[in-house]
Amino acid sequence: MDEKLSQEIRKIALQNASEHNGQTREKIVLARILGSHPDLRNKIKNLSRDVSEIINVVNKLSIEEQRSKIEQEFPDLLKAKPKQEIEKTILPPLEEAKNGMVVTRFPPEPNGYPHIGHAKAAIIDEEYAKMYGGKMILRFDDTNPANERMEYYAAIKVGLDWLGIKYDKIKNTSDDLELIYDKGLHMIKSGQAYVCTCKAETVSENRKEKKPCKCRSIDQKQTVDRWEKMFEKYKPGEAIVRFRGNMNSENTVMRDPVLFRIIDSSHALLGNKYRVWPGYDFATAIEDSVDGITHALRTKEYELRNELYYAILDALQMRKPKVLEFSRLEFEGMPVSKRVLKQLIDEGKIPDYEDPRIPTLEGLKRRGILPDAIRKFVLSLGFTKADTTAPFDVLESFNRKMVDSKSIRLNMVKEPVKLIVSKIPFDSVTISNHPTVDMGKRKVVIDGNFYISKKDANELKVGSQIRLMNLGNVSITKSSVDLEGEFIDDNVKSELPKIQWVPQKSAQKISIIIPGILFINDNFNENSLEITEGYTEDYYSNLKVGDEIQFIRFGYCRKDSATQVIFTHK
RNA sequence: GCUCCUGUGGUGUAGUCCGGUUAAGCAUACUGCCCUCUCAAGGCAGUGAUCCCGGGUUCAAAUCCCGGCGGGAGCACCA
């Protein structure tokens, strides 16, 4: 046996055995050797015999003996290996992506306010474009005039700005309607699409039963005639353009899906200029192709539509982008879906889209979640198709770390109890606004009359000693309805329980909104919004709406108004 | 029901394509210690996964093959 090799085997065996109660296994040692010497793979038999001999010797040694052998023979193993630190802020490589050639797109429909689901999609699109030095297009997918509203186009842009997402181009699908008509007519003329005048229910039934209808076999001239009539004569619902797919396909999407339908509602951007509108599949495929998209990323529920997407582009002989999908974002007890959010608002269960209990961008912002925390969170979720209920506490954790250095520390007491302290030898204290970051100091005037939290007060009895933070140590002398105490000294290093306080005279009453979980086991949680009151320092009034505060020993809150804060997280 | 997707610690993921250098890495949560006039942040350490189950291929499988089971989605003239 090669002397060098057997030394190496011995080294691995000793190391592994000493790490695992003195016993190593052939499999492990063999695998490690093969990993670093791929050339030995065709000599497994011999190698395996050698390994087995060596580990037999090693396994007979006690751990102490193994350790001392390592010390003598392989001292380099004793050096602690540095823990590798790779911050996971990048997505996995994109299939078939070439540097400088990647174009992604974020295609929201302007039919609602943006939420964290939009953020996930947009962040992934932007990150991939950035990663490959490519471009990202924001395209409003506005092909249903009954749903789109002007305010939503704006709200989505505002949301993306807030998130810090930059796009290289902005456009609307509705800009290209004429082009899409051309493609539609081309499909009709080449026999790859037809105009169907069956009732909606009939179409649906036929698709279920894999039955073609008579419109499918109408001659081309008449089909073109029908197509023209869609722009004038037919009423909505009387005619649709259908793709000549495969009524027998196992994939129901392929059973002659709708390409165009008539909608007479006024469009947010185009008014009543058009009334024949393309459906999602047709518009998206054409737009992606024309826009030069290389990678079309969408959520998983579209997965079955890939076949149709590619079939349409094949029929049109257009360039095909690569379509990839990722899982939809879901939270435990916090709905992301537009449909559910709308219902909650319509039923009056939550007042608006800025409610801090919901994951709209406005809601998250109002709650005190930072855009960068959202980005980091989304990236930590990865690019995967596995169904997940995302952990909101991870978002909170990222946010806490980011917001900590920006949060002014303030005293606040919940359920105030009076405490009168005598013999304080000074009439004001100066308190630092942050323990580690220089955020200035503030002077708090005191007169011996304080509020402390009921929770802390409950722990006190006559003779108890506490430290009022930044002020001094106090001995409790009386404990009835109100508490009374005596100033002892100002020994900071005391081991006494440290509690926060507020001067009675200058206390500011605020309400604290604590957003809770909206659904518990699918039932609406009537107590999802807890509102409590507290007293804080008058310095609160110097803060701006939107400032983040950490109420000491309570948690992080965002100033929502002169008299109200929203609890961000602990 | 049919079709498709998916299944790694409490949770979210890395690794899976191209089987071996890792008795499964990171984050979060939890526990302990250090730091600290906070139950925050920061530092350090620890607990925690027979990689859904059962077979098979192989010297070797989280990784490949077959068969189950669990979860999700689609089956709109919404996107």
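Predicted model: local features only at pLDDT ≥ 70, side-chain atom pairs only at ≥ 80, totals over all residues.
Helix α5 covers residues 116-131. It packs against α14 at an angle of about 75°, and the two axes are 10 Å apart. On the α5 side, the contact is made by Ile-116, Ala-119, Lys-120, Ile-123 and Glu-127. On the α14 side, Ile-374, Arg-375, Val-378 and Leu-379 take part. By class, six of the residues in this contact are nonpolar, none is polar and three are charged.

Helix α14, residues 371-381, also packs with helix α15, residues 392-403. Here the angle is about 140° and the axes are 9 Å apart. That angle makes α14 oblique to α15. The crossing of α14 with α15 is right-handed. Which residues of α14 meet α15? They are Asp-372, Ala-373, Lys-376, Phe-377 and Ser-380. Their counterparts in α15 are Val-394, Leu-395, Phe-398, Asn-399 and Met-402. This contact of α14 with α15 comprises six nonpolar, two polar and two charged residues.

Let us turn to the RNA. Around RNA strand B there are 72 residues, of which His-20, Gly-35, Ala-200, Gly-382 and Arg-553 come nearest. Both α14 and α15 are among the elements that each supply at least two residues of the surface near RNA strand B. The others are α2 (26-36), α8 (200-208), β6 (258-262) and β11 (388-390). Which element gives the most to this surface? It is α2, with eight residues. By class, the surface near RNA strand B has 23 nonpolar, 23 polar and 26 charged residues.

I now move to the backbone. Most residues other than glycine have a negative phi. Glu-96 has a positive phi, near 55°, although it is not a glycine. Glu-96 is found in the loop between α4 (63-73) and β1 (103-106). Is Glu-96 buried or exposed? It counts as exposed, because it has 11 C-beta neighbours inside 10 Å.

The second residue is Lys-210, whose phi is also positive, near 60°. Its place is in the loop between α8 and α9 (220-230). Lys-210 has 13 C-beta neighbours inside 10 Å and therefore counts as partly exposed. A positive phi is also found at Gly-292, near 80°, and this glycine follows helix α10. Within α10, residues 280-290, the buried residues are Phe-282, Ala-283, Thr-284, Ala-285, Ile-286, Glu-287 and Asp-288.

Why does Ala-193 count as buried? The reason is that it has 26 C-beta neighbours inside 10 Å, and 20 or more is the cut-off for a buried residue. Neighbours within four places in sequence left aside, Ala-193 is in contact with Gly-184, Met-187, Ile-188, Val-241, Arg-242, Phe-243, Arg-244 and Leu-259. From Ala-193 to Thr-223 the separation is 30 residues in sequence, and their C-alpha atoms are 8.9 Å apart in space.

Thank you for your attention.

Notes:
Residues numbered from 1 in each chain as written. Chains lettered and ligands numbered in written order. Axes fitted to C-alpha atoms, helices over the stretch in contact; angles between N-to-C directions. Helix = DSSP H or I, 4+ residues; strand = E, 2+ residues; numbered from the N terminus. Parallel < 35°, antiparallel > 145°, perpendicular 65-115°, else oblique. Left-handed = near helix turned anticlockwise from the far one by under 90°. Contact = placed C-beta atoms within 7 Å. Nonpolar A, V, L, I, M, F, W, Y, C, P; charged D, E, K, R; others polar. Near = placed C-beta within 6 Å. Buried ≥ 20, exposed ≤ 12 C-beta atoms within 10 Å, placed from the backbone.
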